[in-house]
Amino acid sequence: MASKGHGDTNSGRLPSAPAYSEEVPPGHNAVFPAPTLVPPPPSYLTPSAPPVHMMMPASLEPLNVVYPAPTNPGFPPPGYVTPSAPPMMPAPFGHPNAVYPAPMNPRIPPVPPGYVTPPVPAMMPAPPPDLRPTGCPPGLEYLIHVDQLLVHQTFHLAELLGWEVRNSYNVKNSIGQQVFLAEEENNCCTLQCFGPSRPFTFHIQDNLGQEVLTLMRPLACSYCCFPCCLQDLEVQSPPGIPIGYVVQECHPFLPKLTVLNERRQPQLRIKGPLFFCSCCRDVTFEVKTLDDSMLIGHISKQWSGFLREAYTDADHFGIVFPMDLDVKMKAVLLGACFLIDFLYFEERKGDKKH
């Protein structure tokens, strides 16, 4: 069955508009009749067309045509130079918008091309407060809590052949734990030519390898016939800062030493025995007050065995002092122990007398 809708090709004509029906609700595909035209009033005059000379001719050019800007003939005249803009005048002095040049510093060189400003370093934390007791040199804090030290000289095989070598010592506490390590600084010529009378420099380090004490002994005589050239040992802590001295006293019979502070003021006195007999017994040097009225400690050379005593110079020492003694004086007594070893016990194998 042929369709009778819009665009029916079978009929060849357009369908007619449907008749108005009141059954179609308003607003739902409603078809309304065309409005009735109202004629103009009798007095209305129809406007006439404008005159022909006022009518614009139709443009034959395409749309969006760009026309050149109109020119003013005769301007600018030939040779005319367009004036440049005047320079910007600075604001007067004191004006809030005034800009002043930065002052030049002739000692600061100009920044080279390509220079990159280094970044600001991170803020370093403040160092911890110094908890070291007043007057205690750095590295000697351990000596505050001890009243005894053991000094053991290291054995070197070359000593059996009579060859002098640089001395080294292990400083231990009363239970045998190492506290310091002492190493001699010297050259071969000085070792072989001067023997026990040689000048030396000892570097004493703690268990962390930090140098806490330096002992310096110049070349001098050890005989009483030359009282102006007796032994003098300087103790420094830290290196370069003297904290005390050990000076040999002139006495015809007894070995005597005086312990001085950093201002070379006498503090203690060390007195040795009249005869040195170290066979199977200890040799003790007493540490007393300046008036010899009170014994406050001692430095003893300990018996270390027949073979060691007979064939080597590797000696063992013990140092005893009061617990409340100034830590600087404890360090100077340690230096006095090294000086006593060189003065009275450091001998060649062939020159052993005791």
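What follows is a walk through the barrel, the core and the ring pairs of this structure. The model is predicted, so local features were taken at pLDDT of at least 70 and side-chain atom pairs at pLDDT 80 or more, while totals for chains, interfaces and linings use all residues. Residues are numbered from 1 along each chain as its sequence is written, and side-chain values use heavy atoms, with hydrogens and water left out.

The place to start is the barrel. Twelve strands close up in the order S1-S2-S3-S4-S5-S6-S7-S8-S9-S10-S11-S12, with antiparallel pairing. Strands here are DSSP runs of E with at least two residues, helices are runs of H or I with at least four, and both are numbered from the N terminus; two strands pair if DSSP finds at least two bridges between them. From one strand to the next the twist averages 20°, with axes taken as lines fitted to C-alpha atoms (for helices over the stretch in contact) and angles running from 0 to 180 degrees between N-to-C directions.

Strand S5 (residues 211-217) and strand S6 (residues 232-236) run antiparallel and are joined by 3 bridges. Leucine 215 faces valine 235 in S6, and methionine 216 has glutamate 234 as its bridge partner there. On to strand S7 (residues 242-248): 5 bridges join it to S6, again antiparallel, and aspartate 232 is partnered by valine 247. S6 and S7 make a hairpin with 5 residues between them, and glycine 240 in the turn has a positive phi of about 100°.

Next comes the core. A nonpolar core is a set of buried Ala, Val, Leu, Ile, Met, Phe, Trp, Tyr and Cys residues joined through side-chain atoms within 4.5 Å. The largest one has 48 residues, of which Leu140, Val151, Leu213, Ile270 and Ile299 touch the most other members. Helix H3 gives the most to this core, 15 residues. Leaving out residues up to four places away in sequence, valine 151 touches a list of residues including Tyr169, Phe317, Leu334 and Phe338, where contact means heavy atoms within 4.5 Å.

Leucine 143 sits in the segment before strand S1 (148-153). It is buried, at 0% relative accessibility; buried means under 20% relative accessible area, exposed over 50%, and partly exposed in between (1.4 Å probe, protein chains only). Beyond its neighbours within four places in sequence, leucine 143 is in contact with Leu149, Phe180, Val327, Lys330 and Ala331.

Finally, the rings. The structure holds 9 aromatic pairs. Rings of Phe, Tyr and Trp (its six-membered ring) pair if their centres lie within 6.5 Å, and planes under 30 degrees apart are stacked, over 60 edge-to-face, and the rest tilted. Tyrosine 169 and phenylalanine 202 have ring centres 5.7 Å apart and planes at 55°, so they are tilted. Tyrosine 169 is in strand S2 (residues 168-172) and phenylalanine 202 in strand S4 (residues 200-206), so this pair ties together parts 33 residues apart in sequence. Both are buried, tyrosine 169 with a relative accessible area of 1% and phenylalanine 202 at 0%. Phenylalanine 200 and phenylalanine 342 are also tilted, with centres 4.6 Å apart and planes at 35°. This pair links S4 to helix H3 (residues 327-345), 142 residues apart. Ring pairs link Tyr169, Phe200, Phe202, Phe338 and Phe342 into a cluster.
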